[in-house]
Structure formats: structure tokens, C-alpha cells
Amino acid sequence: RISEERFNLAVSGAKDGIWDWDLTNNTVYYSSHWKSMLGYDEDEILPDFASFENLLHPEDKKFALENIQKYLSKEIAGFEMIIRLKAKSGEYRWIHTRGEALFDKDAKAYRMCGSHTDVTENIIAAQKLKELNATKDKFFSIIAHDLRNPFNVLNNYLDILVKDLDHLEKDDVKEIISDLHSTSKSTYDLLNNLLTWSRTQTNKLKLNLEKYNLLELVKFVKYQIANQAKQKRISIELNSKQNIYVNSDRAMIETVIRNIISNAIKFTNEDGKVIIDIALKSNFAVVSISDTGVGMDKETVGKLFKIEEDVSTLGTNLEKGTGLGLILCKEFVERNNGSISCESELSKGSKFIFTVPLAN
């Protein structure tokens with residue numbers, strides 16, 4: 001009795017859930033804390049193995065069941081795993097489960113006991129730390145390479161102008177000045193994105209919600225970016241004519257639209273096309289920006305919007321980028337309670353789709 005009291009007190013203090021599985025009749029005892037850890041009342045979990053199986057996350061089910069079977073058949077020495085179980089609220093909690101089985105003289109398991117520990121906060125913290133490290137690495141990578149390289153170009157051109165201006169032909173000077181202008185503009189855009197991004201990471205960029213006409217904003221950005229498209233003889237078609245009013249941070253959504261259209265122009269060959277559509281779905285405006293460009297394979301699409309991935313590639317006219325623009329787009333869209341995705345196929349172009357909440 002003293003031993004049992006000591007065990008119960010230790011388990012209660014540790015805040016772990018206890019399970020005891022009788023394999024002979026497939027019944028399972030789940031302790032009160034095992035159930036309450038997931039938000040369930042005492043009578044909401046049936047005392048059988050199916051209750052556990054039904055709570056498993058679909059992506060974890062195969063792994064968990066195979067791991068249990070390997071342990072019971074003595075393919076592995078110990079039983080321990082981290083899985084996701086569905087809480088009463090509908091969310092999934094990360095659970096660290098470990099246990100030990102009792103075997104008969106024929107090496108057949110007849111009972112297995114163990115504990116559950118909720119490690120959701122630890123998993124989230126680890127993921128956050130991973131994202132912060134990736135953010136730091138990306139930040140220093142941009143400073144070390146993407147900012148330094150254009151300044152080298154600027155310095156080299158300026159050296160030529162300082163030393164050889166009197167000996168250069170007029171056409172050569174015009175070409176150098178044109179390259180200087182292009183490099184300084186792209187560097188300024190990069191620096192602007194970098195500063196904006198750093199403000200989002202330190203939560204210094206405040207959300208300024210307002211009601212405005214999304215169609216007019218798209219037209220404004222289309223006008224702003226017309227010269228960039230003209231240089232590659234790319235047409236920008238706006239198929240929508242309906243005035244749609246949304247409630248979001250206008251400056252953030254403007255940045256999203258500009259970045260996506262700029263990318264579309266960047267990865268589309270001359271005489272190509274960029275098409276913009278705006279539709280309504282539930283309580284959101286859905287903006288689709290598609291192009292007739294080079295497209296991407298599934299692996300590249302899967303890496304988009306991820307700070308830890310490096311997907312920066314040259315455009316069709318060797319335009320440089322850092323991959324930072326799309327990361328900004330994702331952060332801005334999600335801050336405004338929207339979502340963003342991409343559909344693409346090699347040699348068949350890309351389509352970026354994002355949503356913005358409608359105004360009341």
C-alpha cells in the first residue's frame with residue numbers, strides 16, 4: 001500500500017499520464033491525467049486500444065503502430081517515441097510516450113505499461129529556435145554576399161569613370177551609367193526589403209488596418225511596375241473590373257502585389273505575359289497572379305516561403321534576387337489573416353494565389 005501511494009504521488013507530481021494495456025483482451029487503462037492532458041473528461045475515452053489509435057495524427061499513425069509492433073516482437077530493445085494526439089479542442093498535442101512490456105515464457109507480450117508527457121511547448125520552442133537560427137543565417141548571408149557584390153560592381157564602374165572618363169566613348173559612358181542605375185536600384189530595393197524584414201522579425205512593424213479598394217491598389221502597382229515590364233516587352237493583363245473592398249494593411253498588401261508581379265516579370269521571357277485576377281471566396285478576396293514564364297519543379301515550389309531554404313535563382317535576363325521577397329509576402333499576408341500558395345510547372349509558368357479579408 002505504501003509503495004502504491006508513493007507511485008501515485010510521484011506520477012501526480014510529474015504531471016504524466018499513465019496507460020496500462022492488457023494485450024490478452026486488448027483493454028487499456030488510461031489514467032485521469034492521461035485524458036485531461038488532451039482535454040477529455042473521464043468518460044470520453046473508452047478503455048481500449050482503438051481509442052489511442054483513433055487519436056493518432058494521420059501522419060504519425062503508421063510510424064507509431066509499426067514502432068509498437070517492433071517492440072512487442074523484440075525487433076527493438078526499448079519503447080519510446082514522440083507522436084501527435086488529437087485533443088478535444090481539435091488541435092494536436094505532441095506527446096512523448098514510453099513504456100515497457102511483460103513477456104511470458106514463450107516471449108509473447110501479455111501486458112504493457114507506460115506514461116505520456118505533453119512536450120508540445122518544447123517542440124514549438126525548438127521549432128522557433130530553428131527558425132530564428134535560419135533567420136540569422138539568412139540575414140548574414142544577404143549582408144555578406146547580396147549587399148557586398150553590388151557595391152563591388154558600383155565601385156568598379158566608378159573606378160573606370162574616375163580614371164578613364166576622358167578616353168571613353170559616349171556610348172560606353174551611357175552603358176556604364178545605365179548599369180550603375182540598374183545596380184543601384186536593385187540594391188536599394190534589396191536594402192528596403194531587408195530593413196522591412198528585420199522590422200517584422202523584431203515586431204517593430206505595426207499592423208495598420210484600413211478599408212480600401214483592392215482593384216484600385218492593383219491598378220496602382222501595375223502602373224508603377226509598367227516600365228519594368230516594358231523593358232522585356234511583357235504585357236500585364238488585369239482581367240478583373242469589380243470594385244472589391246478589403247480590410248488590411250494597405251502598404252503590406254501593396255508590397256505583396258509588387259513583389260509577386262516583379263518575380264513574374266523576372267522569370268518570364270521577353271514577349272511573355274502576366275495575368276492578374278481578383279475573385280471572391282467566402283469572406284476573402286482571392287488575388288491570382290500567373291505568368292507564362294519558366295516555371296518551377298515541385299521540389300522548388302515546396303521550398304518557397306521557407307527562410308531556411310535558399311531558392312534564389314537568376315531571372316531570364318540574369319536578374320539577381322535573394323528569395324527574401326516571397327518570405328516577406330508570406331509574413332505580410334499571414335499578418336493580415338490571409339494565406340498564400342503557389343502552383344507551378346516547369347516551362348509552363350507559375351501562379352501565386354493569396355487572400356485578403358473583405359471589409360464588412
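With which residue does Arg-93 form a salt bridge? In this predicted model, the partner of Arg-93 is Asp-118, and the closest N and O atoms of the two residues are 3.1 Å apart. The pair connects distant parts of the chain, with Arg-93 in strand E4 and Asp-118 in strand E5 (residues 109–118), 25 residues apart. The two partners fall into separate accessibility classes: Arg-93 has a relative accessibility of 16% and therefore counts as buried, the limit being under 20%, whereas Asp-118 is partly exposed, with a relative accessible area of 27%. Salt bridges with shared partners also bring Arg-93 and Asp-118 into one network with Glu-91 and Glu-121.

Side chains of opposite charge can pair when their charged atoms come close. The structure as a whole holds 18 salt bridges. One of them joins the side chains of Lys-88 and Glu-44, with an N to O distance of 3.1 Å. Lys-88 is located in the loop between strand E3 (79–86) and strand E4 (92–103), and Glu-44 in the loop between helix H2 (32–36) and helix H3 (49–55), so this contact ties together parts that are 44 residues apart in sequence. Both side chains are assigned to the partly exposed class, Lys-88 with a relative accessible area of 44% and Glu-44 with one of 35%.

A further salt bridge is formed by Glu-237 and Lys-273, whose closest N and O atoms are 3.6 Å apart. Here the link runs between strand E7 (residues 235–238), which contains Glu-237, and strand E9 (residues 273–281), which contains Lys-273; the two residues are 36 residues apart. Glu-237 is partly exposed at a relative accessible area of 31%, and Lys-273 likewise counts as partly exposed at 33%.

Charge is also grouped on the surface. Glu-169, Asp-171, Asp-172 and Glu-175 gather there in a patch of negative charge. Within this group, Glu-169 occupies the loop between helix H5 (120–164) and helix H6 (170–201). The relative accessible area of Glu-169 is 55%, and this residue is therefore classed as exposed, a term applied over 50%.

A search of the whole structure finds zero disulfides. Cys-113 counts as partly exposed, at 27% relative accessibility, while Cys-329 counts as buried, at 1%.

Another buried position is Leu-217, which has a relative accessible area of 0%. Leu-217 belongs to helix H7 (residues 214–224). The C-alpha atom of Leu-217 is separated by 8.2 Å from that of Arg-250, a residue 33 positions away along the chain.

Backbone geometry was considered at two loop residues. Ala-107, found in the loop between E4 and E5, has a phi near 65°, a positive value in a residue other than glycine. Ala-107 is partly exposed, with a relative accessible area of 39%. Asp-271, in the loop between helix H9 (250–266) and E9, has a positive phi near 70° and is also a residue other than glycine. At 54% relative accessibility, Asp-271 counts as exposed.

Definitions and conventions:
Residues are numbered from 1 along each chain as its sequence is written. This is a predicted model: local features need pLDDT of at least 70, side-chain atom pairs count only at pLDDT 80 or more; totals for chains, interfaces and linings use all residues. Side-chain values use heavy atoms; hydrogens and water are left out. A disulfide is a pair of cysteine sulfur atoms within 2.5 Å. Buried means under 20% relative accessible area, exposed over 50%, partly exposed in between (1.4 Å probe, protein chains only). Patches are made of residues with over 30% relative accessible area and no salt bridge: like charges are joined within 9 Å, nonpolar side chains (Val, Leu, Ile, Met, Phe, Trp, Tyr) within 5 Å. Accessible areas come from the Shrake-Rupley method with a 1.4 Å probe; for residues, only the protein chains shown count as cover. A salt bridge is a side-chain nitrogen of Lys or Arg within 4 Å of a carboxyl oxygen of Asp or Glu. Lys and Arg count as positive and Asp and Glu as negative; His and the chain ends are not counted. The place of a charge is taken as NZ of Lys, CZ of Arg, CG of Asp or CD of Glu. Helices (H or I, at least four residues) and strands (E, at least two) are DSSP runs, numbered from the N terminus.
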